[in-house]
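Here are a few notes to go with your first look at this one. Have the viewer open while you read.

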Amino acid sequence: MEHRITFTSEGTILEGMLETPGTKRGVVITHPHPLYGGDMDNPVVLAITESYRKAGFATLRFNFRGAGNSEGDFDEGHGAVRDLLAAVYRLKSEGIEDVTCAGYSFGTWICLSASLAHPVTTDVMVAPPVTFLDFQATPCLRGPNLVISGTQDSFADFETVKGMVPAWNPDARLHVIESADHFFSIHLNEVSRAIDEHLSGA
């Protein structure tokens with residue numbers, strides 16, 4: 001069962017929800033843009049968390065600085081990368097040896113940014129908003145392994161995502177959800193199934 005925790009990122013207190021079922025594998029889940037209402041209780045974030053929980057992973061979803069009850073202010077994402085690193089270290093402090101990241105929307109940008117510059121692995125990216133944020137179409141030696149994209153997503157244009165995935169990781173799988181927009185409101189089950197299948201084959 002998840003329990004609420006706090007941890008610090010550069011002296012900023014962040015809140016999160018942690019579940020550690022006595023495994024050596026863990027995942028940190030990141031949420032959408034804080035300035036547009038994104039937080040760790042987003043339905044897609046919860047669906048990602050549940051998929052990893054069912055697969056036996058320890059999970060930590062948390063609020064970036066400036067979101068929910070986390071302290072601090074949004075600073076164009078620079079602090080969010082450091083928040084993610086702090087969350088990874090927090091999960092490792094529980095004895096979790098193998099920690100990966102999974103994100104939705106803005107959270108995918110933070111995961112990928114961290115993976116490009118730090119020894120952090122990105123496993124799953126849901127709806128990377130390539131038409132809203134400047135994603136680098138450059139190789140990342142640490143994922144992503146699965147990218148989920150909807151064909152009606154105005155923030156994550158499918159054709160642009162399709163072109164970027166091989167640049168990020170030639171071995172990554174792109175899962176396409178027909179007619180899904182950025183919020184996956186009636187497609188959450190398919191998001192979950194795609195992640196479940198990915199984790200069962202991992």
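1. Start with the largest cavity, which has a volume of about 30 Å³. Bear in mind that this is a predicted model. The structure holds one cavity of 30 Å³ or more.

2. Who lines the largest cavity? Look for Pro34, Phe64, Arg65, Phe74, Asp75, Ala80 and Phe106. By type, that lining splits into five nonpolar residues and two charged ones, with no polar residue.

3. Threonine 8 has isoleucine 13 in S2 as its bridge partner. Two residues sit between the strands of this hairpin, and glutamate 10 there takes a positive phi near 55°.

4. Back to rings: the whole structure has eleven aromatic pairs. One of them, tyrosine 36 with phenylalanine 132, is edge-to-face, at 5.7 Å centre to centre and 80° between the planes. Its members are 96 residues apart, tyrosine 36 in the loop between S3 and H1 and phenylalanine 132 in the loop between S6 and S7. Tyrosine 36 is exposed, because its relative accessibility is 62% and the cut-off for exposed is over 50%; phenylalanine 132, at 37%, is partly exposed.

5. Now try phenylalanine 135 and tryptophan 168. Their planes are at 45° and their centres 5.9 Å apart, so this pair is tilted. Phenylalanine 135 lies in the S6–S7 loop and tryptophan 168 in helix H4 (residues 158–168), so the pair ties together parts 33 residues apart in sequence. Both phenylalanine 135 and tryptophan 168 are buried.

Terms used. Residues are numbered from 1 along each chain as its sequence is written. This is a predicted model: local features need pLDDT of at least 70, side-chain atom pairs count only at pLDDT 80 or more; totals for chains, interfaces and linings use all residues. Side-chain values use heavy atoms; hydrogens and water are left out. On a 1 Å grid over the protein atoms alone, a cavity is a set of points where a 1.4 Å probe fits but cannot get out, and a pocket is an open set with protein on both sides within 12 Å along at least five of seven lines; lining residues have an atom within 4 Å of a point. Grid points are joined across faces, edges and corners, and a volume is the space filled by probe spheres set on the points. Ala, Val, Leu, Ile, Met, Phe, Trp, Tyr, Cys and Pro count as nonpolar, Asp, Glu, Lys and Arg as charged, and the others, Gly among them, as polar. Two strands pair if DSSP finds at least two bridges between them. Helices (H or I, at least four residues) and strands (E, at least two) are DSSP runs, numbered from the N terminus. Rings of Phe, Tyr and Trp (its six-membered ring) pair if their centres lie within 6.5 Å; planes under 30 degrees apart count as stacked, over 60 as edge-to-face and the rest as tilted. Buried means under 20% relative accessible area, exposed over 50%, partly exposed in between (1.4 Å probe, protein chains only).
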